[in-house]
Amino acid sequence: MSSGGLELPPGDSGHEGGPADAAGGTPGGVPAGAVSLAPPAATGSARAGAELDWGAEAWSEVRTRAQRAGRAYIWLNLIEQRLRSVVGAVLRPIYEPVHGGDDWVVAAAGPAGQEWVQRAVAVREVSRRKGYLLDPADDNVLSFLTLPQLRELMVQHWPCFEPYFDDRREIELALDELEVTRNVVSRNRALSRAVLEQAERASARLLEVLGGGAGSPSADRLPIDAVEDLVGDRYADVISVHPDRVRLQRQLPAEDLFGGARRLDAIGIGLNLLVQNFSGRRLVRLTEAGCRVRLLFLNPASSAVKRRERELGLRKGELSRSVEMNILHVRRVRAGLRDPSRFEIHVFDETPRFTAYLVEGQSSGIAVVQSYLRRARGMESPVLVLRGGGRGVPKDADHGLFTTYREEFESVWEDSRPVS
């Protein structure tokens with residue numbers, strides 16, 4: 001009998017208390033008052049115990065979490081390396097001549113940072129002993145400081161950084177936003193899409209402020225991100241895919257796509273993405289600002305239009321009238337220009353195979369491409385977004401899709417007829 005008044009079960013049937021089937025026992029061999037550690041017996045086809053298997057939905061969820069965490073980690077890694085470089089470039093010349101070696105980091109941290117800088121020193125020593133340091137360039141205390149510690153060094157010594165950066169508040173706010181993401185990623189918790197997008201915006205802004213951004217106005221239309229830089233070769237020059245044009249325009253509105261273009265070539269049946277989503281006045285201003293425009297419409301009087309009407313189940317003449325209206329609209333735009341030769345309109349009679357908008361800016365290009373499906377309108381067809389020309393394009397971009405569709409456009413343009 002225990003002090004609590006409960007009887008403890010015997011160790012086995014040979015001890016005092018008799019055999020398992022004696023009075024006071026249970027049919028299962030567990031004496032009265034004892035707690036069995038064996039799992040309950042399975043009933044039917046159901047298995048006993050906790051359910052440990054993951055279903056398809058659970059696997060899909062964890063893959064999504066891992067993809068988001070991986071993308072955020074790349075951004076955080078870039079920011080940490082860039083900030084480490086900036087802190088070293090500014091503070092090393094001040095402290096190293098006096099304290100020498102790695103002691104300059106300890107001196108820069110001061111009494112307030114003594115604890116975390118000593119922890120970094122200890123981690124470096126462990127990494128040395130276990131052979132974790134594969135790059136001699138990382139064999140220093142600065143390489144073992146984390147993002148919050150680098151931020152603290154920058155804040156403590158802001159007068160040293162002030163000549164290089166205008167807005168201390170902007171840098172601190174961006175780093176605060178990244179700290180939320182860093183805590184989530186480092187603890188393998190779920191990262192929501194909203195927090196990921198906030199972290200990407202903050203990272204891009206911070207890299208720009210710290211001198212590591214693109215610095216190209218045309219790149220701001222669709223900035224090259226860290227993930228694209230790393231896996232760009234894997235997907236040629238395809239930078240995004242959308243199931244339909246509606247979802248494309250949520251991410252890349254017509255103003256962002258066409259605004260600031262220096263060269264605009266488009267081919268398709270009616271070119272609705274341009275004609276219906278970019279006003280005539282904006283087209284005039286774009287052309288007057290120096291953009292050269294070449295538009296290729298499917299001839300509304302061709303047999304190809306009639307076949308397309310039958311494919312889509314449209315009434316006879318419905319599609320041809322729509323194309324005629326779009327051509328009349330761009331003709332009015334051309335008529336209002338001081339130099340109409342910069343705005344060319346052609347029609348072609350071949351079977352339409354795709355629609356493409358090839359937009360080139362000062363230093364980069366973007367293309368939006370859709371294939372024509374037999375039973376789907378252009379608004380409902382999948383969309384590829386390509387990057388072509390300029391900075392950040394994969395090495396094999398000469399063999400990418402942008403170049404392919406550029407060559408196809410030029411081929412159709414040579415066989416087309418101008419619209420008077």
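1. In this predicted model, the lining of the second largest cavity comprises five nonpolar and three charged residues, with no polar residue present. The residues concerned are Arg151, Met154, Val155, Trp158, Arg168, Ile171, Glu172 and Leu175. The volume of the second largest cavity is about 40 Å³.

2. Two helices each supply at least two residues of the lining of the second largest cavity: H4, spanning 147-156, and H6, spanning 168-186. Of the contributors, H6 gives the most, with four residues.

3. How many cavities of 30 Å³ or more does the structure hold? There are three at that cut-off. The largest cavity contains about 70 Å³ of space.

4. The lining of the largest cavity is formed by Ile267, Phe348, Glu350, Thr351, Pro352, Arg353, Phe354, Glu408 and Val412. Sorted by class, five of these lining residues are nonpolar, one is polar and three are charged.

5. A separate point concerns histidine 329, which is part of helix H14, covering residues 318-335. Leaving aside residues up to four places away in sequence, histidine 329 is in contact with Val275 and Gly280. Glycine 280 lies 49 residues from histidine 329 along the chain, yet the C-alpha atoms of the two are 7.7 Å apart.

How values were computed:
Residues numbered from 1 in each chain as written. Predicted model: local features only at pLDDT ≥ 70, side-chain atom pairs only at ≥ 80, totals over all residues. Heavy atoms only, no water. 1 Å grid on protein atoms, 1.4 Å probe; cavity = no way out; pocket = protein on both sides within 12 Å on 5 of 7 lines; lining within 4 Å. Points joined across faces, edges and corners; volume = space filled by probe spheres on them. Nonpolar A, V, L, I, M, F, W, Y, C, P; charged D, E, K, R; others polar. Contact = heavy atoms within 4.5 Å.
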